[in-house]
Amino acid sequence: MTITARKIAEHLQASLAGNADAGDTIIDRLAPLDQAGPGDVSFLAADKYLKSLPDCRASALLLKESHLGDAPSTAAVVVVSDPYLAYARISHLFSQEPAPAKAIHSSAIIESGVQLGEGVSIGAHTLIESGTILGDGSVIGPGSVIGARVRIGANTVLKANVTVHHDVVIGDQCMIHSGAVIGGDGFGFAPSSAGWVKIAQLGRVIVGNRVEIGSNTTIDRGAIADTVIEDGVIIDNLSMLAHNVRIGRGTAMAAQVGIAGSTRIGAHCILGGQAGFAGHLDIADGSHFTGQAMVTKGTTESGAYSSGWPIQPAREWRRTVARLRQLDKLEARLKALEHRLDSPDTEQTPKKEDSE
Amino acid sequence: MTITARKIAEHLQASLAGNADAGDTIIDRLAPLDQAGPGDVSFLAADKYLKSLPDCRASALLLKESHLGDAPSTAAVVVVSDPYLAYARISHLFSQEPAPAKAIHSSAIIESGVQLGEGVSIGAHTLIESGTILGDGSVIGPGSVIGARVRIGANTVLKANVTVHHDVVIGDQCMIHSGAVIGGDGFGFAPSSAGWVKIAQLGRVIVGNRVEIGSNTTIDRGAIADTVIEDGVIIDNLSMLAHNVRIGRGTAMAAQVGIAGSTRIGAHCILGGQAGFAGHLDIADGSHFTGQAMVTKGTTESGAYSSGWPIQPAREWRRTVARLRQLDKLEARLKALEHRLDSPDTEQTPKKEDSE
Amino acid sequence: MTITARKIAEHLQASLAGNADAGDTIIDRLAPLDQAGPGDVSFLAADKYLKSLPDCRASALLLKESHLGDAPSTAAVVVVSDPYLAYARISHLFSQEPAPAKAIHSSAIIESGVQLGEGVSIGAHTLIESGTILGDGSVIGPGSVIGARVRIGANTVLKANVTVHHDVVIGDQCMIHSGAVIGGDGFGFAPSSAGWVKIAQLGRVIVGNRVEIGSNTTIDRGAIADTVIEDGVIIDNLSMLAHNVRIGRGTAMAAQVGIAGSTRIGAHCILGGQAGFAGHLDIADGSHFTGQAMVTKGTTESGAYSSGWPIQPAREWRRTVARLRQLDKLEARLKALEHRLDSPDTEQTPKKEDSE
């Protein structure tokens, strides 16, 4: 695929700077600044890379106006206010992913009462159960199973081997990656003398618009009320959202995050990879959690939260663990010293019993 | 779906209290106490919610006898000894999940020598390999792959896209959620000068009766002996049970738990989400672990075990990490002070070299 | 299946010791030393099991020459330099796993322009998209979806319900377990005033030779450049490799490991279960990490690294957490004492304000 710099500028509704015939520059690849060469378009993702700019050999560059002076004169420059965002926008022009077929594969099984929008694509070996509604331009990838009475919005894409259980609602322009399971039973059981008694999970999963859900991620249906993912949420792979969780608008979750039942995550939060949230918490809008954070209480204000202990060489770590377990003793020794200094006349009397 | 309060009482083998024609009350929904309205049945899950009871607008309530006096006079009351358990039992009456077809889908591929029980349901795009036995009333969900010589018990349900590998044995009344993989190879390799040499995993996975296995959970087959899940175990999503693990009867595992090879978890344990267990451990019956617990040694008695560091604001956390790494120095300073106080005549001599 | 001790020795290119007709010993099972009986072959995995050797009832044993004197006289002994490695090599002789069909199932859908090597096996309900190349002897398990222009090497085996997205390259003799997703989109989004803007993931996943990838593991494609798994890497279940990660030759990763974007893991590393790696790190060859390690900085030399806090009884743990949060105060108190001892004349003046 090739495209001119002019087309790129038009795509971004941006203006072209650089040499006179810059617009005719032929681009056939997108590349990082330090690896770009002739035929490539690149971008200055952050000011810290500015020093590499003069030597960049890309044929076209996405730059802020203020960096125009640093660009090599050989490059066509597309002037944008946010080069990283512009990169995101043009990246799709270079995708090699085959376009959806806008057809129903002959091996797809579509039960009665399914409503198909315009231009839907339904892949091989799929099953769409009865009463389900697929929006215009939606894509059901091969091997996917869509339960009864599911609603999937316009231009929403399910990749391969996705499972969506009955009565789940998914909005427009979502992308659900391969192996994800949406609407499986929440983990609800009542204890009894005869063991765990399963509680039917009567709620649904409601997914808003422009939501991304990663590969092999699981989102359980609600116990009585619904599990809710608001608009614009992005969720990475292998994450777990339990029943009745609610994720606020625009929140981003890295991979392998786990959120226990009924916890509500606010809007515009950032959840680091492998972070774990206990159940029934309320997390304030704009809370950021670093990776592996152990979240056992809610937050009431935005800000950065962390926990956990970064690696040390194993020998040092073992010593730290040992000391940690002796903190009580350490405090007791300190208290004893304080006492001796506050009672100078009895100083000679108390004897250390254990100096370790 | 609608049901009378009388039918609910009959289902629970419980008696009805409340107004004279309480039994005729029509119920069409199950709802939490604070959200219930006319047409709903609700329940008092725990005494702490008692104060909401008088204002509850539910048409029917599951209550202990001792709470009868607090119920609004308008509600039909079903008197039960354990309302939460009664809720679990009636919840299934309100499920909207389509019933299994009790039929074999035309796209299912069933190899030779498969034995099918009475009333089995086999979904679309499934494969049942040769020599497998499916118990009466068992359900193989769409997209599932069942290997050779597998045995699946009566009324066991596999949801969609489940994989069960050859020779696995699954008991009666189990539920295995979508995307789970049972009987994949254990992670066994011998080091050699030419790299890792794979060890064939010759054992099976043996799953007892009334076991629940969550979406996208993986349970590996044994290396030589079997991996064993005893009766009544419940396992949430995205958990990992390695080869030769044994889980005792009635144990509950929250999501994303990992158990390394050959570890034996006792009966009636509770494993919090994201807990991790090293290999070759013995965990005593009745051990409870909080979320993210790092279990590197076995336990010899029942009780609650914890580890991990709950979140702090990131700035405080960084300070704590720094202090933690200085624990050795802190102890050394304390020891020096103790020494000075024990040797008062040399008090002036030693000088602090580093006060930080 | 039965095999003679002679055939086992031949398979290992090893010599036989023991009684004269040892080679004719009939073996039909592989068993651990303490459970082996007549008809079994066993092995001494490590010297610490030596004391069980004289009582072992196995019909055949894999032993080092130095242990010949400890073997029961009834056993046929195959003399090997590394019994555990020999066990790995012969384990495959005892596998009950059905052999691949070396055929294309009638329900498989193979798009145009697919190149099939000699003796490929393609399972039921699979999809092979256009332009894909399958090497000689490769196996595509049932329910698997292989995207467009994928290359899969000779004798590589994909189990069931595997998803491989477009343009991924997988080498020879790999094994990819059920439910794995290779080449899903990396988690790349640019923030904008209108929310997250998805960045097309233009890179591929390149998997070397003799790589094992566990069940339900996900490996994302690169953003611009490729995600790379070098030769001989072994990866357990439910792990997550983000975009542009690179894993060096021979590295082993236990289950549920997460590696954030662009991190490079060296060769011959060992990553414990549930370990988490931040993005953009460089990890030195031969680095070993214990389970749940929190890796927020790179390593520059080989060796063992650890973090995390092993379980304690919950009551002790709560006290440790409380103390941990008071480390600042503890240090302040210690400093105050040091100050008092260094300024003996002012000793009486300062008063403790808070002894707790």
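Mentor: Two strands count as paired if DSSP finds at least two bridges between them. Keep that cut-off in mind. The model here is predicted.

Trainee: What makes S38(A) and strand S39 of chain B a pair?

Mentor: Two bridges join S38(A) to strand S39 (residues 312–313) of chain B. The cut-off is at least two bridges, so the strands pair. They run antiparallel.

Trainee: Which residue is the bridge partner of Tyr305(A) in S39(B)?

Mentor: Pro313(B) is the partner of Tyr305(A).

Trainee: How do you know that S38(B) pairs with strand S39 of chain C?

Mentor: By the count again. S38(B) and strand S39 (residues 312–313) of chain C are joined by two bridges and run antiparallel. Two bridges meet the cut-off, so these strands pair as well. In S39(C), Tyr305(B) has Pro313(C) as its bridge partner.

Trainee: What makes up the contact between chain A and chain B?

Mentor: Chain A gives 61 residues and chain B gives 65 residues. On the side of chain A, the elements that give two or more residues include strand S20 (181–184), strand S38 (303–306), helix H3 (314–325) and helix H4 (327–342). H4(A) has the largest share, five residues. By class, this side has 31 nonpolar, 21 polar and nine charged residues.

Trainee: And which residues form the contact between chain B and chain C?

Mentor: There, 62 residues come from chain B and 64 residues from chain C. H4(B) gives the largest share of the side of chain B, five residues. The classes on that side are 31 nonpolar, 21 polar and 10 charged.

Trainee: Why is the relation of chain A to chain B called a three-fold axis?

Mentor: Look at the turn. Chain A is laid on chain B by a turn of 120° and a shift of 0.0 Å along the axis, with an RMSD of 0.0 Å. That is why it is called the relation of a three-fold axis. His125(A) comes closest to the rotation axis of the residues of chain A, its C-alpha at 3.6 Å. The copies use different surfaces: 20% of the contact residues of chain A recur in chain B.

Trainee: Why is Thr2(B) called exposed?

Mentor: Count its neighbours. Thr2(B) has 9 other C-beta atoms within 10 Å. The limit is 12 or fewer, so Thr2(B) is exposed. Thr2(B) sits in the segment before strand S1 (3–4) of chain B. Beyond residues up to four places away in sequence, it touches Ile26(B), Ile27(B) and Asp28(B).

Trainee: Which residues touch the most other members of the largest nonpolar core?

Mentor: Ala60(A), Ala60(B) and Ala60(C), in a core of 305 residues. Membership asks for burial, so each member has 20 or more other C-beta atoms within 10 Å. Apart from that core lies another, of six residues, among them Leu334(A), Leu337(A), Leu334(C) and Leu337(C).

Trainee: What does Ala60(B) contact, beyond its neighbours within four places in sequence?

Mentor: Among its contacts are Ala5(B), Ile8(B), Val41(B), Ala75(B) and Val78(B). Thr25(B) is also one of them. In soluble globular proteins, nonpolar side chains tend to be buried together.

Technical notes:
Residues numbered from 1 in each chain as written. Chains lettered and ligands numbered in written order. Predicted model: local features only at pLDDT ≥ 70, side-chain atom pairs only at ≥ 80, totals over all residues. Core = buried A, V, L, I, M, F, W, Y, C linked by C-beta atoms within 7 Å. Contact = placed C-beta atoms within 7 Å. Helix = DSSP H or I, 4+ residues; strand = E, 2+ residues; numbered from the N terminus. Nonpolar A, V, L, I, M, F, W, Y, C, P; charged D, E, K, R; others polar. Least-squares fit on C-alpha atoms with pLDDT ≥ 70 in both.
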